[in-house]
Amino acid sequence: MGVSRIHRLLRLITLLQSDRPRTVDALVEELGVSRRTLFRDLNMLQAAGIPYYHEPGMGYRIARTFFLPPISLTVPETLGLMLLGKTAGARRGQPLFVPALSAIYKLIATVPEPIRTACGDLMQNVTFDPGIRGAGDAETAYFATLQQCVDEGRSCQMIYKSPVEPETLDCRLDPYALHFASRAWYVLGKTDRHSEVRLFKVARIQSLGPLARRFVRPKRFTVADKLGQAWQLIPEGTVHRVELEFTPKVATNVSEVLWHRSQKHTILPDGRCRMTFDVDGLGEIAWWVCGYADQVKIVRPAALRRRVRQMLTAALEHA
(Lines give C-alpha, C1' and ligand atoms only; values in the text may rest on other atoms or scores of the structure.)
Protein backbone atom coordinates (compact mmCIF):
# COMPACT_ATOMS: atom_id res chain seq x y z
CA MET A 1 0.00 0.00 0.00
CA GLY A 2 1.34 3.44 -0.94
CA VAL A 3 2.34 5.95 1.70
CA SER A 4 -0.12 8.56 0.39
CA ARG A 5 -2.97 6.05 0.73
CA ILE A 6 -1.91 5.26 4.29
CA HIS A 7 -1.98 8.97 5.10
CA ARG A 8 -5.41 9.25 3.49
CA LEU A 9 -6.78 6.29 5.47
CA LEU A 10 -5.50 7.81 8.71
CA ARG A 11 -7.13 11.12 7.76
CA LEU A 12 -10.36 9.25 6.99
CA ILE A 13 -10.29 7.56 10.41
CA THR A 14 -9.75 10.95 12.06
CA LEU A 15 -12.72 12.46 10.24
CA LEU A 16 -14.98 9.53 11.08
CA GLN A 17 -14.00 9.72 14.75
CA SER A 18 -14.91 13.41 15.01
CA ASP A 19 -17.99 14.72 16.85
CA ARG A 20 -20.28 14.78 13.82
CA PRO A 21 -21.01 12.31 11.01
CA ARG A 22 -19.64 13.04 7.54
CA THR A 23 -21.63 12.68 4.31
CA VAL A 24 -20.09 11.13 1.23
CA ASP A 25 -19.85 14.54 -0.45
CA ALA A 26 -18.16 16.05 2.62
CA LEU A 27 -15.62 13.21 2.82
CA VAL A 28 -14.89 13.43 -0.90
CA GLU A 29 -14.24 17.18 -0.58
CA GLU A 30 -12.13 16.98 2.59
CA LEU A 31 -10.00 14.09 1.33
CA GLY A 32 -9.73 15.39 -2.22
CA VAL A 33 -10.59 12.02 -3.81
CA SER A 34 -13.26 10.58 -6.07
CA ARG A 35 -16.38 8.81 -4.76
CA ARG A 36 -14.96 5.54 -6.08
CA THR A 37 -11.72 6.01 -4.15
CA LEU A 38 -13.65 6.92 -0.99
CA PHE A 39 -15.74 3.75 -1.08
CA ARG A 40 -12.61 1.71 -1.79
CA ASP A 41 -11.03 3.22 1.33
CA LEU A 42 -14.16 2.52 3.38
CA ASN A 43 -14.01 -1.10 2.25
CA MET A 44 -10.37 -1.18 3.39
CA LEU A 45 -11.43 0.03 6.88
CA GLN A 46 -14.13 -2.62 6.99
CA ALA A 47 -11.63 -5.34 6.03
CA ALA A 48 -9.33 -4.13 8.82
CA GLY A 49 -12.14 -4.51 11.38
CA ILE A 50 -12.67 -0.80 12.02
CA PRO A 51 -16.40 -0.47 12.92
CA TYR A 52 -17.67 2.51 10.93
CA TYR A 53 -21.38 2.81 10.21
CA HIS A 54 -23.84 5.04 8.38
CA GLU A 55 -26.48 7.13 10.14
CA PRO A 56 -29.43 7.65 7.75
CA GLY A 57 -29.75 11.28 6.80
CA MET A 58 -26.54 12.14 8.66
CA GLY A 59 -23.51 10.37 7.24
CA TYR A 60 -20.66 8.04 8.20
CA ARG A 61 -18.85 7.78 11.51
CA ILE A 62 -16.83 5.34 13.61
CA ALA A 63 -18.37 3.89 16.76
CA ARG A 64 -17.47 6.01 19.78
CA THR A 65 -16.42 2.85 21.64
CA PHE A 66 -13.70 2.08 19.11
CA PHE A 67 -10.10 2.81 20.08
CA LEU A 68 -6.84 1.60 18.63
CA PRO A 69 -5.42 -1.18 20.82
CA PRO A 70 -2.61 -0.18 23.21
CA ILE A 71 0.96 -1.01 22.22
CA SER A 72 3.10 -3.03 24.60
CA LEU A 73 6.72 -3.11 23.42
CA THR A 74 9.29 -5.61 24.64
CA VAL A 75 12.87 -4.58 25.47
CA PRO A 76 14.26 -5.95 22.15
CA GLU A 77 11.47 -4.14 20.26
CA THR A 78 12.28 -0.91 22.09
CA LEU A 79 15.97 -1.26 21.29
CA GLY A 80 15.09 -1.97 17.67
CA LEU A 81 13.00 1.20 17.47
CA MET A 82 15.80 3.24 19.02
CA LEU A 83 18.22 1.85 16.43
CA LEU A 84 15.77 2.76 13.67
CA GLY A 85 15.58 6.21 15.24
CA LYS A 86 19.34 6.59 14.89
CA THR A 87 19.25 5.52 11.25
CA ALA A 88 16.35 7.86 10.51
CA GLY A 89 18.08 10.72 12.31
CA ALA A 90 21.19 10.23 10.20
CA ARG A 91 19.09 10.42 7.03
CA ARG A 92 16.92 13.43 7.80
CA GLY A 93 17.49 14.81 4.31
CA GLN A 94 15.84 11.83 2.61
CA PRO A 95 12.11 11.65 1.87
CA LEU A 96 9.85 10.52 4.73
CA PHE A 97 12.66 10.09 7.26
CA VAL A 98 11.61 13.12 9.33
CA PRO A 99 8.01 11.87 9.80
CA ALA A 100 9.39 8.36 10.36
CA LEU A 101 11.60 9.73 13.13
CA SER A 102 8.61 11.51 14.68
CA ALA A 103 6.58 8.28 14.61
CA ILE A 104 9.43 6.33 16.21
CA TYR A 105 9.75 8.86 19.02
CA LYS A 106 6.00 8.66 19.68
CA LEU A 107 6.17 4.88 19.92
CA ILE A 108 9.20 4.99 22.20
CA ALA A 109 7.37 7.48 24.45
CA THR A 110 4.79 4.76 25.20
CA VAL A 111 7.45 2.56 26.81
CA PRO A 112 7.25 2.88 30.62
CA GLU A 113 10.12 3.89 32.84
CA PRO A 114 12.65 2.63 33.84
CA ILE A 115 12.73 0.44 30.70
CA ARG A 116 12.86 3.42 28.35
CA THR A 117 15.82 5.02 30.18
CA ALA A 118 17.67 1.71 30.42
CA CYS A 119 17.25 1.08 26.70
CA GLY A 120 18.37 4.63 25.96
CA ASP A 121 21.53 4.07 28.02
CA LEU A 122 22.28 0.88 26.08
CA MET A 123 22.00 2.77 22.79
CA GLN A 124 24.39 5.56 23.82
CA ASN A 125 27.36 3.63 22.44
CA VAL A 126 25.67 2.60 19.20
CA THR A 127 26.26 4.85 16.19
CA PHE A 128 25.15 4.74 12.58
CA ASP A 129 26.94 6.04 9.48
CA PRO A 130 24.58 6.32 6.47
CA GLY A 131 27.50 6.57 4.04
CA ILE A 132 28.22 9.18 1.40
CA ARG A 133 25.30 10.42 -0.67
CA GLY A 134 24.48 13.41 -2.86
CA ALA A 135 22.56 16.49 -1.82
CA GLY A 136 19.34 15.16 -3.32
CA ASP A 137 17.11 18.23 -2.75
CA ALA A 138 14.93 17.08 -5.65
CA GLU A 139 14.24 13.84 -3.82
CA THR A 140 12.55 15.70 -0.99
CA ALA A 141 10.84 18.14 -3.34
CA TYR A 142 9.30 15.57 -5.67
CA PHE A 143 9.10 12.31 -3.72
CA ALA A 144 5.64 12.97 -2.24
CA THR A 145 4.23 13.90 -5.64
CA LEU A 146 5.66 10.77 -7.24
CA GLN A 147 4.35 8.63 -4.38
CA GLN A 148 0.87 10.06 -4.82
CA CYS A 149 0.94 9.58 -8.59
CA VAL A 150 2.14 5.97 -8.24
CA ASP A 151 -0.58 5.24 -5.69
CA GLU A 152 -3.41 6.88 -7.65
CA GLY A 153 -2.29 5.86 -11.14
CA ARG A 154 -1.91 9.50 -12.15
CA SER A 155 0.41 10.77 -14.87
CA CYS A 156 2.78 13.67 -14.29
CA GLN A 157 4.67 16.14 -16.44
CA MET A 158 8.42 15.88 -15.89
CA ILE A 159 11.51 17.78 -16.96
CA TYR A 160 14.56 15.55 -16.49
CA LYS A 161 18.28 16.14 -17.02
CA SER A 162 20.32 13.05 -17.83
CA PRO A 163 24.10 13.25 -17.36
CA VAL A 164 24.66 11.55 -20.73
CA GLU A 165 22.10 13.42 -22.87
CA PRO A 166 22.85 16.93 -24.21
CA GLU A 167 19.25 18.15 -23.88
CA THR A 168 16.75 17.95 -21.06
CA LEU A 169 13.83 15.56 -21.43
CA ASP A 170 10.38 17.16 -21.24
CA CYS A 171 7.86 14.34 -21.13
CA ARG A 172 4.70 12.91 -19.65
CA LEU A 173 5.55 10.15 -17.20
CA ASP A 174 3.36 7.30 -16.01
CA PRO A 175 5.19 6.37 -12.78
CA TYR A 176 4.89 2.66 -11.96
CA ALA A 177 7.07 2.34 -8.86
CA LEU A 178 9.72 3.97 -6.65
CA HIS A 179 12.96 2.12 -5.96
CA PHE A 180 15.86 2.91 -3.60
CA ALA A 181 19.32 1.70 -4.64
CA SER A 182 22.92 2.92 -4.53
CA ARG A 183 22.07 5.60 -1.94
CA ALA A 184 19.44 7.28 -4.15
CA TRP A 185 15.75 7.08 -5.09
CA TYR A 186 14.64 6.14 -8.61
CA VAL A 187 11.25 6.13 -10.30
CA LEU A 188 10.37 3.51 -12.89
CA GLY A 189 7.74 4.28 -15.48
CA LYS A 190 6.79 4.81 -19.08
CA THR A 191 6.93 8.15 -20.85
CA ASP A 192 5.31 9.45 -24.02
CA ARG A 193 8.80 9.57 -25.56
CA HIS A 194 9.83 5.92 -25.01
CA SER A 195 8.31 2.57 -25.91
CA GLU A 196 9.67 0.73 -22.86
CA VAL A 197 9.75 1.27 -19.11
CA ARG A 198 12.60 3.60 -18.11
CA LEU A 199 14.47 4.28 -14.87
CA PHE A 200 14.89 7.90 -13.72
CA LYS A 201 16.93 9.17 -10.79
CA VAL A 202 14.67 11.41 -8.70
CA ALA A 203 17.55 13.76 -7.82
CA ARG A 204 17.92 14.63 -11.54
CA ILE A 205 14.32 15.78 -11.95
CA GLN A 206 14.19 19.52 -12.60
CA SER A 207 10.43 19.97 -12.64
CA LEU A 208 7.47 17.73 -11.84
CA GLY A 209 3.71 18.25 -11.65
CA PRO A 210 0.73 15.87 -11.43
CA LEU A 211 -1.73 15.72 -14.32
CA ALA A 212 -5.44 14.90 -14.45
CA ARG A 213 -4.70 12.02 -16.82
CA ARG A 214 -4.88 8.52 -15.31
CA PHE A 215 -3.06 5.37 -16.39
CA VAL A 216 -3.23 1.67 -15.58
CA ARG A 217 0.02 -0.01 -14.57
CA PRO A 218 0.55 -3.41 -16.25
CA LYS A 219 -0.55 -6.13 -13.84
CA ARG A 220 2.59 -8.16 -14.35
CA PHE A 221 5.03 -5.30 -13.88
CA THR A 222 7.57 -5.70 -11.06
CA VAL A 223 10.75 -3.79 -10.28
CA ALA A 224 12.65 -7.07 -9.96
CA ASP A 225 11.65 -8.14 -13.48
CA LYS A 226 12.65 -4.77 -14.92
CA LEU A 227 16.10 -4.75 -13.29
CA GLY A 228 16.59 -8.47 -13.89
CA GLN A 229 20.15 -9.68 -13.36
CA ALA A 230 21.69 -6.20 -13.62
CA TRP A 231 24.64 -5.58 -11.33
CA GLN A 232 22.80 -2.61 -9.87
CA LEU A 233 20.30 -0.75 -12.06
CA ILE A 234 21.09 -1.05 -15.77
CA PRO A 235 20.52 -4.38 -17.56
CA GLU A 236 22.14 -4.54 -21.01
CA GLY A 237 20.30 -7.54 -22.46
CA THR A 238 22.98 -10.24 -22.17
CA VAL A 239 23.72 -12.31 -19.07
CA HIS A 240 27.40 -13.11 -18.50
CA ARG A 241 28.96 -15.63 -16.14
CA VAL A 242 31.62 -13.58 -14.35
CA GLU A 243 34.39 -15.34 -12.43
CA LEU A 244 36.87 -13.38 -10.31
CA GLU A 245 39.73 -14.26 -7.98
CA PHE A 246 40.61 -11.90 -5.14
CA THR A 247 43.94 -11.89 -3.31
CA PRO A 248 44.13 -12.98 0.35
CA LYS A 249 44.51 -9.31 1.31
CA VAL A 250 40.90 -8.50 0.35
CA ALA A 251 39.36 -11.99 0.20
CA THR A 252 37.68 -11.85 3.61
CA ASN A 253 36.22 -8.38 3.12
CA VAL A 254 34.87 -9.23 -0.32
CA SER A 255 33.28 -12.50 0.78
CA GLU A 256 31.50 -10.87 3.75
CA VAL A 257 29.27 -8.76 1.48
CA LEU A 258 26.43 -9.97 -0.74
CA TRP A 259 27.14 -7.92 -3.86
CA HIS A 260 24.62 -9.63 -6.15
CA ARG A 261 21.83 -12.15 -5.69
CA SER A 262 23.57 -14.68 -7.99
CA GLN A 263 26.81 -14.49 -5.99
CA LYS A 264 28.72 -17.65 -5.06
CA HIS A 265 32.17 -17.76 -3.51
CA THR A 266 34.84 -20.18 -2.32
CA ILE A 267 37.83 -19.47 -0.10
CA LEU A 268 40.78 -21.32 -1.61
CA PRO A 269 43.48 -23.08 0.48
CA ASP A 270 45.98 -20.26 -0.17
CA GLY A 271 43.53 -17.63 1.13
CA ARG A 272 42.30 -16.34 -2.22
CA CYS A 273 38.56 -15.92 -2.83
CA ARG A 274 37.00 -17.22 -6.02
CA MET A 275 33.68 -15.51 -6.74
CA THR A 276 31.14 -15.99 -9.52
CA PHE A 277 28.15 -13.94 -10.66
CA ASP A 278 25.54 -14.21 -13.41
CA VAL A 279 25.21 -10.57 -14.44
CA ASP A 280 23.17 -8.86 -17.14
CA GLY A 281 25.63 -6.41 -18.66
CA LEU A 282 29.29 -5.68 -17.96
CA GLY A 283 29.26 -1.89 -17.69
CA GLU A 284 28.34 -1.56 -14.01
CA ILE A 285 30.39 -4.49 -12.71
CA ALA A 286 33.45 -3.23 -14.63
CA TRP A 287 33.50 -0.06 -12.50
CA TRP A 288 33.28 -2.19 -9.36
CA VAL A 289 36.13 -4.47 -10.45
CA CYS A 290 38.32 -1.43 -11.21
CA GLY A 291 38.00 -0.41 -7.57
CA TYR A 292 40.01 -3.48 -6.54
CA ALA A 293 42.83 -2.70 -9.01
CA ASP A 294 45.70 -5.18 -8.53
CA GLN A 295 43.84 -7.20 -5.88
CA VAL A 296 41.58 -9.01 -8.36
CA LYS A 297 42.07 -11.27 -11.37
CA ILE A 298 39.35 -11.57 -14.01
CA VAL A 299 39.11 -15.24 -14.93
CA ARG A 300 36.19 -14.75 -17.31
CA PRO A 301 34.69 -13.41 -19.49
CA ALA A 302 37.38 -12.04 -21.77
CA ALA A 303 35.10 -9.11 -22.67
CA LEU A 304 35.14 -7.92 -19.05
CA ARG A 305 38.91 -8.33 -18.92
CA ARG A 306 39.33 -6.15 -22.01
CA ARG A 307 36.94 -3.51 -20.72
CA VAL A 308 38.65 -3.22 -17.33
CA ARG A 309 42.08 -3.10 -18.99
CA GLN A 310 40.91 -0.20 -21.17
CA MET A 311 39.48 1.66 -18.19
CA LEU A 312 42.62 1.26 -16.07
CA THR A 313 44.86 2.20 -19.00
CA ALA A 314 42.84 5.37 -19.53
CA ALA A 315 43.09 6.12 -15.82
CA LEU A 316 46.89 5.85 -15.98
CA GLU A 317 46.96 8.32 -18.85
CA HIS A 318 45.10 10.85 -16.70
CA ALA A 319 47.24 10.22 -13.58
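Predicted model: local features only at pLDDT ≥ 70, side-chain atom pairs only at ≥ 80, totals over all residues.
Rings of Phe, Tyr and Trp (its six-membered ring) pair if their centres lie within 6.5 Å; planes under 30 degrees apart are stacked, over 60 edge-to-face, the rest tilted.

Take Phe246 and Tyr292. Their ring centres are 5.3 Å apart and their planes stand at 75 degrees, so the pair is edge-to-face. It links distant parts of the chain: Phe246 sits in strand β8 (residues 239–246), Tyr292 in the loop between α10 and β11 (296–300), 46 residues apart. Both Phe246 and Tyr292 are buried, meaning under 20% relative accessible area with a 1.4 Å probe, protein chains only.

Phe277 and Trp288 are also edge-to-face, at 5.9 Å centre to centre and 90 degrees between planes. Phe277 belongs to strand β10 (residues 273–280), Trp288 to helix α10, eleven residues apart. Phe277 is buried at 0% relative accessible area. Trp288 counts as buried at 13%.

Now the largest pocket. A pocket is an open set of points on a 1 Å grid over the protein atoms alone, where a 1.4 Å probe fits, with protein on both sides within 12 Å along at least five of seven lines; lining residues have an atom within 4 Å of a point. Here 31 residues line the pocket, and Ser162, Val164, Leu199, Arg204 and Ile234 lie nearest its centre. The lining divides into 16 nonpolar, six polar (Gly among them by class) and nine charged (Asp, Glu, Lys, Arg) residues.

Residues are numbered from 1 along each chain as its sequence is written. Local features need pLDDT of at least 70, side-chain atom pairs 80 or more, while totals for chains, interfaces and linings use all residues, and side-chain values use heavy atoms, without hydrogens and water.

How values were computed: Helix = DSSP H or I, 4+ residues; strand = E, 2+ residues; numbered from the N terminus. Buried < 20%, exposed > 50% of the residue type's maximum accessible area, 1.4 Å probe, protein only.
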